[in-house]
Amino acid sequence: MQSLYALSNRLKLNNVLPNKVTIWKLRNNNPLRKSYVTNNIKLDEFDALIRITVEMSKYLYPYIREILKSKENIEENSLIWNDFNKRFIELIKERFNLDSMRVKKLLNQAENDEIIIKSLLILSFCISNQGYQKLKNFLHDF
């Protein structure tokens, strides 16, 4: 939460995301979470979250690239992929509603590899100059 707030300040999004509570409320707006609040996210809040995600993907790009590379050559680098996949599953089980069909799909090993790879690829594309627009288009089409 602290890193999201620090990024929002650095990106000068204080008028949209003035404090940690606002960010926390937006995060709890996800219907896949165990407990969520149904509020409509405003367009400027949606844009601010995209901007933060794009900025975070720039910091995490070396790690994202390493994960994708490890999946490509699973025999040599299975540890990286397996660790990431394990952590991904743990986070979903910890925070998401396990009765949801969408969450069950994320937990299905056959399907979650594809979802993870697609998500990581999208995040890796976010480091470009058009990263904001690419992520925004992807989310609108999702």
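Tyr-63 is partly exposed, with a relative accessible area of 47%, where buried means under 20% relative accessible area, exposed over 50% and partly exposed in between, as found with a 1.4 Å probe and protein chains only. The structure is a predicted model, in which local features need pLDDT of at least 70 and side-chain atom pairs count only at pLDDT 80 or more, whereas totals for chains, interfaces and linings use all residues. Residues are numbered from 1 along each chain as its sequence is written, and side-chain values use heavy atoms, with hydrogens and water left out.

Tyr-63 is placed in helix H3, which covers residues 43–72; helices (H or I, at least four residues) and strands (E, at least two) are DSSP runs, numbered from the N terminus. Together with Tyr-59 and Leu-60, Tyr-63 forms a nonpolar patch on the surface, and the three residues have about 340 Å² of accessible area together. Such areas come from the Shrake-Rupley method with a 1.4 Å probe, and for residues only the protein chains shown count as cover.

The structure holds two aromatic pairs, and rings of Phe, Tyr and Trp (its six-membered ring) pair if their centres lie within 6.5 Å, with planes under 30 degrees apart counted as stacked, over 60 as edge-to-face and the rest as tilted. Tyr-63 and Phe-84 form an edge-to-face pair, at 6.4 Å centre to centre and with 70 degrees between the planes. Because Tyr-63 lies in helix H3 and Phe-84 in helix H4, this pair ties together parts that are 21 residues apart in sequence. Phe-84 counts as buried, at 17% relative accessibility. The ring centres of Phe-84 and Phe-88 are 6.5 Å apart and their planes stand at 25 degrees, so this pair is stacked. Both residues lie in helix H4, four residues apart, or about one turn of the helix, and Phe-88 is partly exposed at 21%.

Leaving aside neighbours within four places in sequence, Glu-94 is in contact (heavy atoms within 4.5 Å) with Lys-34 and Arg-87. Glu-94 and Lys-34 are 60 residues apart in sequence and 8.6 Å apart in space, C-alpha to C-alpha.

How values were computed:
Patches are made of residues with over 30% relative accessible area and no salt bridge: like charges are joined within 9 Å, nonpolar side chains (Val, Leu, Ile, Met, Phe, Trp, Tyr) within 5 Å. A salt bridge is a side-chain nitrogen of Lys or Arg within 4 Å of a carboxyl oxygen of Asp or Glu.
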